[in-house]
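Biologist: I have the sequence and the model open side by side. Could we go through what the labels rest on?

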Amino acid sequence: MDRSRATGKSAVMIVCASPGDQYQTYKEEIDLAIARVLKSGWYVLGEEVKAFEKEFAEYQGVKHAIGVGSGTEALHLALAALGVGRGDEVITVSHTAVATVSAIELTGAKPVLVDIDSEYFTLDAAKLEAAITPRTKAIIAVHLYGQAAPIHEVIAMAKTRGIKVIEDCAQATGTQIQGVKAGSIADVGCFSFYPTKNLGAIGDGGALVTNDDDIAKKIQLLRQYGWENRYISKISGWNSRLDELQAAILRIKLRGLDKDNLKRIQIAKAYDESLSALAKSTGRFTLPKVRPHTLHTYHLYVLQTAERDALMSHLKTNDIHCMIHYPMPVHLQPAYLGKIGLPGSMSTTEKASNTVISLPMYPELSAASVKTVIDQLSRFFGK
Ligand SMILES: Cc1ncc(COP(=O)(O)O)c(C=O)c1O
């Protein structure tokens, strides 16, 4: 199915992501689940959330999964549960959704941002050591675009120094590193279920996964006012709960996740196979690489080209809508100027923000639309 949007012209617009199409894929089951939850009369942290947490923990191969309000909140709760607060530093990348950095800020800790590597767009492990200080309490490794970050290198560096490691898997549900699910390797894994994500709700949602009983317990308390028993706060907490409607919908989509990820991988393969010769012969653009021994789940399929503006306008003229992830690194954004630690050069990050472009990528994208995108890219770069 490919519900490309009517543009008013004879052609239809090919969009970058389409959660509405995903609803159509699962419509029958989702409609039934919504009716079931509405009838139950229990709408927040109930049986659906419990069942989703059990099923998601099984999918991840971990002891605990905890449903929360969003991916940002998952990161905030993970940091808080690990004891991160004022006076601490947390290292992550600048080439990420701003949410990764805002979650650090929410704890009162100082974000310290390091550069990415030029091949995989993820944290450059070689730059990590120079960013570590006695105040470094945690590192957030972001598995960006569905591509795995060098998590084992990060953990090796952190472990000997008593630093905790969090995996930001907002864009990487189903991604694997040496056969193990991203999120299940470090101290805590954090997920977003924003509608366009590989596992997307119909609203906001998030989850944390961990094998550590104490961390899991702390997150369960923190997400609901610190309550161990209703109305009695054992510790100070706040409200970041997953609701029953989202959990019921996520349970359905979780069952189809591997199949949906496979469709993304097949679309990526079609892009790769049709464009690699042109990329090589023209030298005008590069295709995404996959880190060895990992499964990339293509939340996004990202090209790099110095001719991005011209390419985007050519594609737009031909009713193909692309996006930029991300147009401005966090360290250059007005809200963060002067507030973060920058121990080294950010040249690769800054280059990426000027050259990356995300092609249409979602499980329901039709073969005909993929071909149209390939044809228009070939026309642009073949000139
Ligand atoms: C890498 C990354 N981290 C964190 C988040 C935050 O997730 P949410 O939008 O569910 O708060 C996102 C989502 O945009 C993301 O892409």
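Biologist: Where is the place of Tyr145?

Modeller: Tyr145 is in the loop between S6 and helix H5 (151-159). Please keep in mind that this is a predicted model. The backbone of Tyr145 has a positive phi of about 65°, although this residue is not a glycine.

Biologist: How do you know whether Tyr145 is buried or exposed?

Modeller: We count C-beta atoms. A residue is called buried if 20 or more other C-beta atoms lie within 10 Å of its own. Tyr145 has 23 other C-beta atoms within 10 Å, so it is buried.

Biologist: And what makes Phe121 count as buried?

Modeller: The cut-off is 20 or more, and Phe121 has 25 C-beta neighbours inside 10 Å, so it counts as buried. Phe121 lies in the loop between S5 and S6. It has a positive phi of about 65° and is not a glycine.

Biologist: Which peptide bond is cis?

Modeller: That is the bond from His325 to Tyr326, with omega near 15°. You will find Tyr326 in the loop between helix H9 (308-317) and helix H10 (347-355).

Biologist: Now to the strands. Why is S4 called largely enclosed?

Modeller: Strand S4 covers residues 89-93, and five of its five residues are buried, so the rest of the structure largely encloses it. Both faces are covered: Glu89, Ile91 and Val93 are buried on one side, and Val90 and Thr92 on the other.

Biologist: How do you know that S4 pairs with S5?

Modeller: Pairing needs at least two bridges between the strands. Five bridges join S4 to strand S5 (residues 110-114), and the two run parallel, so by the cut-off of at least two they pair. As a landmark, Glu89 stands opposite Lys110 in S5.

Biologist: What about S4 and S6: how many bridges do they have?

Modeller: S4 and strand S6 (residues 136-142) pair over three bridges, in the parallel sense. Here Val90 stands opposite Ala138 in S6.

Biologist: What makes the unit of S4, H4 and S5 right-handed?

Modeller: The test is to look with the strands pointing away from you: the crossover is right-handed if the path from the first strand over the helix to the second runs clockwise. S4, H4 and S5 make a β-α-β unit that is right-handed.

Biologist: Let's turn to the ligand. Which residues come nearest?

Modeller: There are 15 residues around the ligand, and Gly71, Thr72, Ala99, Ala170 and Ser192 come nearest. Helix H3 (71-81) and helix H4 (98-106) each supply at least two residues of this shell. By class, the shell has five nonpolar, eight polar and two charged residues.

Biologist: What do the buried residues of H6 pack against?

Modeller: They pack against strand S3 (64-68), H3, strand S10 (188-192) and strand S11 (206-210). In helix H6 (residues 213-222), the buried residues are Ile215, Ala216, Lys218, Ile219, Gln220 and Leu222.

Biologist: How is the protein divided into domains?

Modeller: Domain 1 is 5-20 + 257-382, and domain 2 is 24-113 + 126-255. Their C-alpha centres lie 26 Å apart, and 33 residues of domain 1 are in contact with 35 residues of domain 2. On the side of domain 1 that touches domain 2, H8 gives the most, with four residues. That side has 16 nonpolar, 13 polar and four charged residues.

Technical notes: Residues are numbered from 1 along each chain as its sequence is written. This is a predicted model: local features need pLDDT of at least 70, side-chain atom pairs count only at pLDDT 80 or more; totals for chains, interfaces and linings use all residues. A residue is near a molecule or strand if its C-beta atom, placed from the backbone, lies within 6 Å of it. Ala, Val, Leu, Ile, Met, Phe, Trp, Tyr, Cys and Pro count as nonpolar, Asp, Glu, Lys and Arg as charged, and the others, Gly among them, as polar. A residue is buried if 20 or more other C-beta atoms lie within 10 Å of its own, exposed if 12 or fewer, and partly exposed in between; C-beta atoms are placed from the backbone. Domain bounds come from an automatic or database domain assignment. Two residues are in contact if their C-beta atoms, placed from the backbone, lie within 7 Å.
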